[in-house]
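Morning, everyone. Please have a look at the model on the screen. I'll walk you through a few parts of it.

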Amino acid sequence: MIEWDVAKPSQLKALLAEHGFSFKKQLGQNFLIDERILQQIVDAAELTSEDGAFEVGPGAGVVTQRLARIAKQVIAVEKDRSLSAILQKSLEGAGNVDVIFGDVLELHLPDIWKQFSTCKRVSVVANLPYYVTTPILFHLLESGVSLHNVIVMVQKEVADRLGAGPGTKDYGALSIAVQYRARVEKVVKVSPGSFLPPPGVDSMVVRLRCLDKPPVEVSDERTFFRVVKGAFAMRRKTLLNTLSGSLGLSKEACARLLQRCGIDSNRRGETLSLEEFASIANLLHNCAFS
Ligand code: SAM
């Protein structure tokens, strides 16, 4: 039996006050106090009683409580240990929830996913801490774990980047990493007033519908992500300059690599399509360039 319904702002505030909790800006702590948005997040996850849910940053358990009611199993990772007693209260009686205290970026996700072995599918649901949104998304996408839906609350600007295409100002390594694994859907825009305390930016709930198979064939994902990140390491430089530096290739080798892919080495990373990144990564992985 759950006693504290922390989705109700009055109960959330009372529970936080009871434990003398103070928000840590450096941990991106903006707790959700909007039940309408909460419902939209949970609906977007499309969880069934056979599914697992992985939550990054449960905070006081606002989203976690709801996930626990629907999913078979919930694993939540929270960096702030001072939320321990609060989470114990808000999740009292929820026997299908495990909270791990630690930094999600330091977790080996394939090991965590083993604990979901009896779940049909696993989705990620997270109101992300904005100071580490990009590293967390890369961590999830590069870990190789099987994902169904990824529902994340992110800064509106980040949401624009996730779905951006080549040649636009928002297109970057994150857009490619996400579009390699998922279809991006914007769910709802969220204003600062939906959080306690309100952040200084607008937010957006985004659903990443993970694909059964990537849209392009990549022979080695590590090489692919290395090429993608390398191409954007210095945004204003040409591919030849930025890729030779980041991949540790001589200029001559890098020029040959790009030429064999039919890509002009004076182009910039932000103009390359997913297919072009895949062709560079595949050639680099399969042939010796030095
Ligand atoms: N889920 C809660 C909600 O919606 O009210 C809290 C969301 S708050 C935006 C982000 C949460 O992530 C905070 O509780 C914060 O302490 C936690 N957090 C910050 N950095 C983290 C990290 N590296 N690993 C795990 N949790 C983290």
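How many bridges join strand 3 to strand 4? There are 5, and the two strands run parallel. Strand 3 covers residues 73-78. In this pairing E78 stands opposite F101 of strand 4.

Some ground rules. This is a predicted model, in which local features need pLDDT of at least 70 and side-chain atom pairs count only at pLDDT 80 or more, while totals for chains, interfaces and linings use all residues. Residues are numbered from 1 along each chain as its sequence is written, and side-chain values use heavy atoms, with hydrogens and water left out. Helices (H or I, at least four residues) and strands (E, at least two) are DSSP runs, numbered from the N terminus.

Two strands pair if DSSP finds at least two bridges between them.

Next, L107. Find L107 in the loop between strand 4 (97-101) and helix 5 (109-114). Is L107 buried or exposed? L107 is buried, at 17% relative accessible area; buried means under 20%, exposed over 50%, partly exposed in between, with a 1.4 Å probe and protein chains only. Leaving aside neighbours within four places in sequence, L107 is in contact (heavy atoms within 4.5 Å) with V77, I100, I112 and H139.

Angles run from 0 to 180 degrees between N-to-C directions, and axes are lines fitted to C-alpha atoms, for helices over the stretch in contact. Helix 8 is largely enclosed by the rest of the structure, because 8 of its 9 residues are buried. Those buried residues pack against several elements, including helix 6 (133-142), helix 7 (156-162) and helix 12.

Last, a helix pair. Helix 9 (221-231) and helix 12 (274-286) pack at about 120°, with axes 9 Å apart. That makes helix 9 oblique to helix 12: under 35 degrees is roughly parallel, over 145 roughly antiparallel, 65 to 115 roughly perpendicular, and the rest oblique. Among the residues making the contact are F224 and V228 of helix 9, and F277 and L284 of helix 12.
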